[in-house]
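Hi everyone, thanks for making time.

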Amino acid sequence: MKKIRAGILLLITTFFWGVTFTVVKDAISKVDVFVFLSQRFLIAAAIMLPVALTRTNRINIRLLTHGFILGILLFASYAFQTVALKYTSASNTGFLTGLSVLLVPIFGAAIFRHSVGPGIRWGVGLATPGLFLLCTDGSLSFNVGDILGAVCGACVALHLLYTSHFARHADSDVYLLTTLQLSVVGILSLATAGLRGQEVFVWHPGLLWTLVVCVLIATIFAFLVQTTMQKWISPAHTALIFCTEPVFAAAYAYYAAGERLGILGFLGAALILAGMIVSELLPDSDVSETSVSVAAEG
């Protein structure tokens, strides 16, 4: 039941990320992306901090280190994706970022000796071409931006793996762990915006509701759910669930802006959903992964 609940909450989180994609895209057309990220994550961290401090019993170096590592990986994901968009198309970037679904089981096997069951293999086998069709409509041309997009995908994969690994520690506090990583992303975004000559602490009235939605739902709720639920569900399954983000984004873009998918896009969306369903129906390696994590912690 815990795994089912985790899957449902992560799917809800992915839905919110997909729906807010169009909103965020509009926001960063008005202000520098790192200004927006600074405001989004610093406000979220400021809201979370008193909650985390009142709920935690202890703060130790290991927990601080875990939060710092997750924050670095999360910021790197946003940064490489942003820079990649300068040199390559949004479709290429979306596909290469989504390749984290393929990289999670590979990195998991290499770093944490996770076993990969048939459910994950079939799920990834269906979702990967689905991402290609949905994000690129069947065409792909490579340049330097695509390398950066692939690095972004690797950072996303590592963030998923280490979130799961750190969240399963016996002394892990998910509220403080979430707050720490949000703080790191906010501070690094602030520093990056400063280096780019951008003023962060400026009020943009047009971004009010975008920030409210992104801070409360797409940041605090979403990352708190991810950190908490990855105690009960494997990183590979989480990556497959997160693959549905472009499906939700496309659906909302159709509803809000009238953007339509072609036949290949619909086929890609169907393959992603099929991959997620197949991964749940076939045997997986959650037991192996959990035992390996527990053994590593001991």
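Let's start with Gly 123, which sits in helix α6. A helix here is a DSSP run of H or I with at least four residues, numbered from the N terminus. Before I go further: this is a predicted model, where local features need pLDDT of at least 70 and side-chain atom pairs count only at pLDDT 80 or more, while totals for chains, interfaces and linings use all residues. Residues are numbered from 1 along each chain as its sequence is written, and side-chain values use heavy atoms, with hydrogens and water left out.

So, is Gly 123 buried or exposed? It's buried, with a relative accessible area of 0%. By buried I mean under 20% relative accessible area, exposed is over 50%, and partly exposed is in between, using a 1.4 Å probe and protein chains only. From the C-alpha of Gly 123 to that of Ala 157 you have 16 Å, and the two are 34 residues apart along the chain.

Helix α6 covers residues 118-136, and Gly 125 is in there too. Gly 125 is partly exposed, at 45% relative accessibility.

Now step back to the loop between α5 (100-111) and α6, where you'll find Arg 113. Its phi is near 60°, a positive value in a residue other than glycine. Arg 113 is exposed, at 68% relative accessibility.

On to salt bridges. How many does a search of the whole structure find? There are 2, counting a side-chain nitrogen of Lys or Arg within 4 Å of a carboxyl oxygen of Asp or Glu. One joins Asp 26 and Lys 30, at 3.3 Å from N to O. Asp 26 is partly exposed at 39%, and Lys 30 is exposed at 51%.

Another salt bridge pairs Arg 196 with Asp 32, and their closest N and O atoms are 2.5 Å apart. This pair links distant parts of the chain, 164 residues apart: Arg 196 is in the loop between α8 (174-195) and α9 (208-229), and Asp 32 is in the loop between α1 and α2 (33-55). Arg 196 is partly exposed at 37%, whereas Asp 32 is buried at 12%.

Next, the surface. Phe 80, Val 83, Tyr 87, Val 144, Ile 147 and Val 151 make a nonpolar patch there, with about 510 Å² of accessible area together. Patch residues have over 30% relative accessible area and no salt bridge, and nonpolar side chains (Val, Leu, Ile, Met, Phe, Trp, Tyr) are joined within 5 Å, like charges within 9 Å. The areas come from the Shrake-Rupley method with a 1.4 Å probe, and for residues only the protein chains shown count as cover. Helices α3 (61-87) and α7 (144-167) each supply at least two of the patch residues. Val 144, in α7, is exposed at 52%.

Last stop: which helix gives the most to the lining of the second largest pocket? That's α1, with 5 residues. Both α1 (2-27) and α12 (263-281) supply at least two lining residues, and the lining includes Lys 3, Leu 11, Met 276 and Glu 280. A pocket is an open set of points on a 1 Å grid over the protein atoms alone, where a 1.4 Å probe fits, with protein on both sides within 12 Å along at least five of seven lines; lining residues have an atom within 4 Å of a point.
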